[in-house]
Amino acid sequence: MPKLYLCSLGCNKNLVDSEIMLGRLQNYEVVNSPDDADVMIVNTCGFIASAKEESIKTILELANYKKENSVLVVTGCLMQRYKDELMRELPEVDIFSGVGDYDKIDEMILKKQNLFSPKTYLQKNEKRVITGSNYHAYIKISEGCNQKCSFCAIPTFKGKLKSRDLKDIVKEVKSLVKQGFYDFSFISQDSSSYLRDLGIKDGLISLINEIEKIDGVKFARILYLYPATTSTNLIQKIIDSKVFLNYFDMPLQHISQKMLKLMKRPNGNEFKLLEMMRKAPNSFLRSGFIVGHPGESQEDFDELCNFLKEFSFDRVSVFAYSKEEDTASFEMEQIPSKVVTKRLNLIEKITLNSLKNSLEKEVGKTIFCEINGISSEGEMFYGTKNVIWDKDIDGEILINDSEVKNLEIGKVYKCLITSIAGDKLVGEIIA
């Protein structure tokens, strides 16, 4: 059996595309190292400068593992965005493809053929090989984006919003439940705009209604809510749901009204939404912000810092602005990199304190957790997550004691949070 090594870079939306490719390549033995792989695939990220650099570095590293008759395939966002340039500059690569042909990866390898379909691939009910978990799966609900954020190039290579058929999503979730999966994160570039391309507002409410009907779905959450397309009706629907957890992931990008206008992010009801989400029982709030976007004054930055000190997010991601071609902010007067770095360092201290406060609130609580396997700290601990958390981005609970013998990966247990170790919670399984 030929051997396959696949490296999926970037976001979990990319991961879903990689899992679809694995589903098409089940006649290969998947290996964890490129040492003796017959086929190597890199699913690239092309979002910001650091992600582009990581993608190029990975491609060149894998090229060193090529042997006679082996094949190196490069696909994904970076390839779609810089097709001509990369095909010219990377002679080491055998097959190139963009974001339109993940379901044809087997044909490409068989024919050693480059493919760049004009349209972004919109997942149908293809078979996927879920990686990294035996209980949790990401479900992609749409592709592309209709927003015009000044800093983001995604619509230029992913295109306009295209929503998956709701029946197709339901069919996929039902299929995964039959395979033993019970925890789902619903993702896209702009989840709160789901079905708006078909003239339906609050399409997520329809999705929630249908997912709630599926026996076997224990936990669900929605990632990437956009403030301008998120309604109070949607938030209330999530709060009232017995399946969808009170997990609210809304990247705000800034809080200064001047900056939000410069960033081309329509706003107005974010404070009302935040208040509603925070008051929800057992709620978990995550957001993201950009520091150093052109036009950000010291006053704008101070306003953002003060907001983050005052509002209690559970998790915050902060990014330095990245100057990207084909974006509205590319031609704006840029803030010196030294200033951006200084601001980033300052705001990261605030977000670390926010994380510490969030973790401290958990000590002494009894929660439900899911066992992921051996912890990131080694074999002395099991690694688990609170059921409300997303699987990959919200942290890890270290289990150092258990009243239950023979803990099983993928099962739900009752856990007493006993302490904090660095940026992680420590707990004991009690039932």
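Cys369 is buried in this predicted model, at 0% relative accessibility; buried means under 20% relative accessible area, exposed over 50% and partly exposed in between, with a 1.4 Å probe and protein chains only. The closest cysteine sulfur to that of Cys369 belongs to Cys415, at 4.4 Å, which is too far for a bond. A disulfide is taken as a pair of cysteine sulfur atoms within 2.5 Å. The structure holds 0 disulfides. Cys45 is likewise in none, and the nearest cysteine sulfur, that of Cys77, lies 6.1 Å away. Cys45 is buried, with a relative accessible area of 12%.

The model is predicted, so local features need pLDDT of at least 70 and side-chain atom pairs count only at pLDDT 80 or more, while totals for chains, interfaces and linings use all residues. Residues are numbered from 1 along each chain as its sequence is written, and side-chain values use heavy atoms, with hydrogens and water left out.

A closed barrel of 5 strands runs 14-15-16-18-17, with mixed pairing. Strands (E, at least two residues) and helices (H or I, at least four) are DSSP runs, numbered from the N terminus. Two strands pair if DSSP finds at least two bridges between them. From one strand to the next, the twist averages 55°. Axes are lines fitted to C-alpha atoms, for helices over the stretch in contact, and angles run from 0 to 180 degrees between N-to-C directions.

Strand 14 (residues 366–375) and strand 15 (residues 378–386) are antiparallel and joined by 6 bridges. Gly373 has Gly383 as its bridge partner in strand 15. Strand 17 in turn pairs with strand 18 (residues 424–429), antiparallel, over 6 bridges. Ile417 stands opposite Gly427 of strand 18.

Helix 7 (residues 166–178) and helix 8 (residues 203–212) have axes that come within 10 Å and cross at roughly 35°. Helix 7 contributes Leu166, Ile169, Val170 and Val173 to the contact, and helix 8 contributes Ser206, Leu207, Glu210 and Ile211. Contact means heavy atoms within 4.5 Å. These residues divide into 6 nonpolar, 1 polar and 1 charged.

Methods. Ala, Val, Leu, Ile, Met, Phe, Trp, Tyr, Cys and Pro count as nonpolar, Asp, Glu, Lys and Arg as charged, and the others, Gly among them, as polar.
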